Amino acid sequence: MPQFSFEKTSTASRSNVYKIFSDYENYQKTSPEFFPSVRIRSVRDNVAVVEEHLNLGDDELVIMAKHVTDEPVLHDVFVIGGDAKGTHIQEQFIEMSNGTKILVNVDLKLKGKMKIGSMFSKNRYQQNYEKIIDNFVKIAENLV
């Protein structure tokens with residue numbers, strides 16, 4: 001299954017970057033092209049269970065995700081059900097003098113037809129996920 005890591009830098013403050021990346025409640029509003037549907041199932045302290053439709057390029061994944069946050073340094077997403085059950089995504093935010101470094105690690109687990117396609121398409125999935133991250137960075141940089 002595709003595993004990939006990459007880093008991005010942003011001129012936005014760590015708190016603004018963290019705010020956008022961990023704001024799963026508003027993914028549908030801020031990024032409808034990637035998240036056409038988001039429904040919060042439960043929230044307890046820093047853990048939330050969220051039903052999400054995620055557009056990853058041409059693939060639409062229906063997932064149940066557990067978001068675990070450690071403000072302002074970490075946002076973990078564990079996919080606990082659906083098309084990508086077993087997937088783990090970790091986003092780490094490192095404060096720098098001129099902005100924020102974002103470290104992203106993805107261990108993508110897909111099912112069915114997507115599983116077969118993923119064996120040949122690691123770069124495609126990484127490129128498509130990087131588009132989501134780039135979108136979040138742009139939103140964070142536009143915060144006042």
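**Getting to know this predicted model**

User: Hi! Among contacts between residues at least 6 apart in sequence, what share joins residues at least 24 apart?

Analyst: Hello! That share is 48% in this protein. Keep in mind that this is a predicted model.

User: Let's take the strands. How do strand 2 and strand 3 run, parallel or antiparallel?

Analyst: Strand 2 (residues 37–44) and strand 3 are antiparallel, joined by seven bridges. One place to look is Val38, which stands opposite Glu52 in strand 3. The two strands make a hairpin with two residues between them, and Asp45 in the turn has a positive phi of about 55°.

User: And which residue of strand 4 stands opposite Ala48?

Analyst: Ala48 faces His67 there. Strand 3 and strand 4 (residues 59–70) are antiparallel too, with 10 bridges joining them. Their hairpin also has two residues between the strands, and Gly57 takes a positive phi near 70°.

User: Why is strand 3 described as largely enclosed?

Analyst: Strand 3 covers residues 47–56, and seven of its 10 residues are buried, so the rest of the structure largely encloses it.

User: OK, moving along the chain. How many residues lie between strand 5 and strand 6 in their hairpin?

Analyst: Five residues lie between them, and Gly86 in that turn has a positive phi of about 100°. Strand 5 (residues 74–82) and strand 6 (residues 88–96) run antiparallel and are joined by five bridges. Within this pair, Asp76 is opposite Gln90 of strand 6.

User: What is the bridge partner of Phe93 in strand 7?

Analyst: That would be Ile102. Strand 6 pairs with strand 7 (residues 99–107) in the antiparallel sense over nine bridges, and this hairpin has two residues between its strands.

User: Let's zoom out. Why does the radius of gyration agree with a compact globule?

Analyst: A compact globule of 144 residues would have a radius of gyration near 15 Å, and the protein has 14 Å, so the two agree. Along the principal axes, its C-alpha trace spans about 45 × 35 × 25 Å.

User: What percentage of the residues is buried?

Analyst: Buried residues account for 44% of the 144. As for the surface, the protein exposes about 7700 Å², with carbon and sulfur atoms supplying 47% of that area.

User: Last one: how far apart are the mean positions of the positive and negative charges?

Analyst: They are 5 Å apart, for 18 positive and 20 negative charges.

Methods:
Residues are numbered from 1 along each chain as its sequence is written. This is a predicted model: local features need pLDDT of at least 70, side-chain atom pairs count only at pLDDT 80 or more; totals for chains, interfaces and linings use all residues. Side-chain values use heavy atoms; hydrogens and water are left out. Two strands pair if DSSP finds at least two bridges between them. Helices (H or I, at least four residues) and strands (E, at least two) are DSSP runs, numbered from the N terminus. Buried means under 20% relative accessible area, exposed over 50%, partly exposed in between (1.4 Å probe, protein chains only). The radius of gyration is taken over C-alpha atoms; the globule rule is 2.2 Å times the number of residues to the power 0.38. Contact means heavy atoms within 4.5 Å. Accessible areas come from the Shrake-Rupley method with a 1.4 Å probe; for residues, only the protein chains shown count as cover. Lys and Arg count as positive and Asp and Glu as negative; His and the chain ends are not counted. The place of a charge is taken as NZ of Lys, CZ of Arg, CG of Asp or CD of Glu.
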